[in-house]
Amino acid sequence: MFHSKKIQNKTVYFSDKLDVEHFFTSRELIVKENKDLISDYLKIEKDNLICPNQTHSDNVELVKENVKEYPSCDGLILNKKNIAIYLNFADCTPLIFYDWKNNIGAVSHAGWRGTAQKIGPKTILKMKDLFNTDPKNVIALIGPCISFDEFETSFEVIDELSKTVSNKDNVFNLKTRHADLKGINKRQLEELGVVEIDVCPFCTVLDNDKFFSYRKENKTKNRHSALIKL
């Protein structure tokens with residue numbers, strides 16, 4: 001279940017399924033404008049607050065000591081305690097993963113393109129390659145994004161998304177051309193073997209007072225974030 005808390009009077013959201021530091025920021029806390037505040041809260045150096053250059057790819061990288069730039073990267077894996085990673089969103093689906101057995105974290109950016117490329121499962125499979133992560137030991141959080149009823153798209157996009165799941169029930173509406181990005185990501189993870197999945201109830205369009213929406217706000221450049229620190 002998701003809850004809210006304050007970081008110096010600014011609201012963030014977290015899941016009670018995860019016992020390592022993590023949160024999804026809101027409109028009140030833009031990370032790039034509040035790095036000092038967040039690094040102080042996390043007790044890390046500001047330069048160790050790492051965000052990649054997101055390009056709607058399916059590229060996933062392991063964060064390395066003293067490496068700050070990750071070009072064309074939409075998933076980061078973390079195994080160090082002195083670093084925090086975050087990615088940015090405004091309607092796309094934020095994914096946070098935690099392998100509790102090996103103490104490995106990750107954040108991935110699943111817009112419709114990332115979802116069509118199965119970046120969520122690919123992130124966990126890379127965790128498996130690097131650290132022998134078992135999907136059954138992963139806790140997955142699916143953060144605030146555009147909801148099923150608000151994500152009207154093309155038949156071409158629906159076709160690409162439908163190829164990524166075996167069970168297509170209740171995540172597509174072909175009559176209205178709607179797709180459930182949260183539901184599709186959840187089903188991809190379930191079909192990989194992930195058991196513990198917590199889905200945030202908020203919609204970035206309907207709950208636009210809390211989160212940024214690219215669609216509703218005329219292609220806004222503002223972003224909220226998903227962050228994890230071990």
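Strand S7 gives three residues to the lining of the largest pocket, the most of any element. This is a predicted model, in which local features need pLDDT of at least 70 and side-chain atom pairs count only at pLDDT 80 or more, while totals for chains, interfaces and linings use all residues. Residues are numbered from 1 along each chain as its sequence is written, and side-chain values use heavy atoms, without hydrogens and water.

The largest pocket has a volume of about 650 Å³, where a pocket is an open set of points on a 1 Å grid over the protein atoms alone, fitting a 1.4 Å probe, with protein on both sides within 12 Å along at least five of seven lines, and lining residues have an atom within 4 Å of a point. Of its 27 lining residues, His56, Ala90, Cys92, His109 and Arg223 are the closest to the centre.

Six strands form an open sheet of mixed pairing, in the order S5-S6-S9-S8-S10-S13; strands are DSSP runs of E with at least two residues, helices runs of H or I with at least four, and two strands pair if DSSP finds at least two bridges between them. Strands S5 (60–62) and S13 (196–199) stand at the edges with a single partner strand each, so one side of each is left without a neighbour in the sheet. S13 runs parallel to S10 (residues 138–142), joined by four bridges, and Glu196 of S13 is the bridge partner of Ile139.

Helix H5 lies across S8, S9, S10 and S13, contact meaning heavy atoms within 4.5 Å.

Notes. Points joined across faces, edges and corners; volume = space filled by probe spheres on them. Axes fitted to C-alpha atoms, helices over the stretch in contact; angles between N-to-C directions.
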